[in-house]
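Keep the structure open as you read.

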Amino acid sequence: MDSWDSLGFLILILNYNVTIIGKIWLTLTILLRLLVIFFAAYPLYQDEQQLFICNTLQPGCVNACYDTLVPISHFQFWLVQTASVLLPYAFFCVYVFHSVARQLVKVQSLPYRRYKEIKATSGRKMSKKSSKGVAGSRASRDGNKWDIPDFSKAYVVHLLLRILVEACFGAGHYCLFGFFVPRYFSCNEDPCPHSISCYVSRPTEKTILMFFTWGLSGISFFLSFMDLTFAFRSGIVRRHRNKLLMEGLLVEERTCFVQQQCEDKSTLGEEAKTF
């Protein structure tokens, strides 16, 4: 493992702890969601207030009506939504990098390596010389190996936060904008003198884009829920596999211990016969 650099090991750990559904979700969010926001929503909404027309000349009336129809810009809302959905994943990556960096510093430090060597040699004092040589070479090889930590619990927590954020923004999107962008609406807000009609620019195009972003949010929520289910199942399978491996190692150690005791007894018997 010495040939691996630290950055490669960090990427390996992150790739090991993120499921295939999580990788698909990240690709969908970055390549499709952000591209739609910046290359489709931004040109569509950058001049929406200038093209928002009301049949009145009363100062301030148009601004009041626009604020009533659009409390927050669709583009800004979708941008904040995407950043908030990506935030739990960013926290998970920071946690993984921090934990793995601490492990790398610990493994590569000289006192820790000396402690592992002393512990490995002291545990094999009563074995034979040949077995000592094999154990010493095995300990030297194991000293260069790095354990691959399991961050399944942190991954599940980050998935729960992501699902919660996606659900909250979906509910907020419905409360603020609904499903359709109206062609016109009647406004009677202060300081308008009476009920006036206001007209929205490119309502059909905005409605189609809104349905598209709704679809992306739904797919993101569905993938996050599937990822959570897959993470639970993978964690159960991983724990069962580790349990079987540990049981196999214990049986092997007991077998080796019994064989070593039998060899020691036969050696003592042969020595007693010679005397």
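A residue is called buried here when its relative accessible area is under 20%. Keep in mind as we go that this is a predicted model. With that cut-off, the buried residues of helix α2 include Trp25, Leu26, Arg33, Ile37 and Tyr45.

Helix α2 itself covers residues 20-45. Its 26 residues, at 1.5 Å each, should span 38 Å, and the C-alpha atoms at its ends are 35 Å apart, which agrees.

Now go back to Trp25, one of the buried residues of α2. Over the face of its ring lies Arg162, at 3.7 Å from the ring centre. Arg162 belongs to helix α7, residues 152-177. Its relative accessibility is 1%, so Arg162 counts as buried. Leaving aside residues up to four places away in sequence, Arg162 touches Trp25, Val85, Pro88, Tyr89, Ser224 and Asp227.

Phe52 and Tyr66 make an edge-to-face pair, 5.3 Å centre to centre with 65 degrees between the planes. Phe52 sits in the loop between α2 and β1, while Tyr66 is in helix α3, 14 residues apart. Both Phe52 and Tyr66 are buried.

Tyr174 and Phe179 form a tilted pair, with 5.2 Å between centres and 55 degrees between planes. Here Tyr174 is partly exposed, at 46% relative accessible area, and Phe179 is partly exposed too, at 37%. Finally, look for Phe38, Tyr42 and Phe75, which ring pairs link into a cluster.

Technical notes: Residues numbered from 1 in each chain as written. Predicted model: local features only at pLDDT ≥ 70, side-chain atom pairs only at ≥ 80, totals over all residues. Heavy atoms only, no water. Helix = DSSP H or I, 4+ residues; strand = E, 2+ residues; numbered from the N terminus. Expected span 1.5 Å × (residues − 1). Buried < 20%, exposed > 50% of the residue type's maximum accessible area, 1.4 Å probe, protein only. Contact = heavy atoms within 4.5 Å. Phe/Tyr/Trp six-rings, centres within 6.5 Å; stacked < 30°, edge-to-face > 60°. Lys NZ or Arg CZ within 6 Å of the ring centre and 35° of its normal.
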